[in-house]
Amino acid sequence: MKTFILWALAGVGVGAVLVASVAFIALAPRVDAARKGWDLKPVVVASRDVPEGQVLTFEDLTQRSLPEKFVTPSVVRPEDAPRIVGRAPSMALKQNDVLLWAAFTDYSATDECFSAIASRVSAAKDEARDGALAPFEERMGGPQPQPLPVPEPKPNAEGEVGVLVLKKEIAQGQVLEESMLQSVLRPRGLVTASYVPADMVKAVAGARVLVALEANDALMWQMLDDAKRPRRAASCMLSVGAAMNEAHKRARRDEAAAYVRGKEAR
């Protein structure tokens, strides 16, 4: 009798182990899926506020760990920090902002190009450039109004914050549309005042993006300017460059057409 009881207990134990094993095997894919993207990766962040155009030092930088799902190719990693030290960001940085490569767009080559060709540009380019610069010159005629304070993202009851991110890669100078944006929740500790809150999608639709961004990059206020009434130097450069490029293409087409007409007339 005792032997039977011992065997019965052993059978129950083996059965429990088998049930637990089957349950673990069944749940393992779900556990892996839930944890996917949450492994931590180190990234470079601003250790303090940095004004636009101020040259970065190592003291301006620190690092923190983010879930890998938030680390896009746009993000500067610690091993690349020496590459941005000594460079000036083309937009202001807030303390704890994650640094993106797009924040270090260098316009000096464009400036040198404008200086080099100023005496040789065609009438079409001159006219296009002057037309593109006119809105900026008009706005610079008097004191510039101070920008209105932007709303900061607010956490929900669970301590998560809704922010806007890009659904797809967008080019520098592109005008935002609502369809390009989506709302995501991020932990409160990963969001700074630079991030655009999720409920501001209609407010930023129609704004011009001053830097190239990757899919899933979070949108920051410093990256945006009014497409119709631009006020930032980066917008000026984009507008002038685009106008001159278009004028150049148009002039080349006109010259080619005139050449063909001349050949046909002979």
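Select D217 and T72: their side chains make a polar contact at 2.4 Å (a pair of N or O atoms within 3.5 Å; within protein, one must be able to donate a hydrogen and the other to accept it, and residues adjacent in sequence count only if both atoms are side-chain atoms). This is a predicted model, where local features need pLDDT of at least 70, side-chain atom pairs count only at pLDDT 80 or more, and totals for chains, interfaces and linings use all residues. Residues are numbered from 1 along each chain as its sequence is written, and side-chain values use heavy atoms, with hydrogens and water left out.

D217 itself is in the loop between β5 (207–209) and β6 (224–226); strands are DSSP E runs of at least two residues, numbered from the N terminus.

Now show β3 (residues 160–166): 6 of its 7 residues are buried, so the strand is largely enclosed by the rest of the structure. It runs antiparallel to β4 (residues 181–187), joined by 7 bridges, and V165 stands opposite Q182.

Last stop: L56, in the loop between β1 (40–46) and β2 (61–67). L56 is buried, at 1% relative accessible area.

Technical notes. Helices (H or I, at least four residues) and strands (E, at least two) are DSSP runs, numbered from the N terminus. Buried means under 20% relative accessible area, exposed over 50%, partly exposed in between (1.4 Å probe, protein chains only). Two strands pair if DSSP finds at least two bridges between them.
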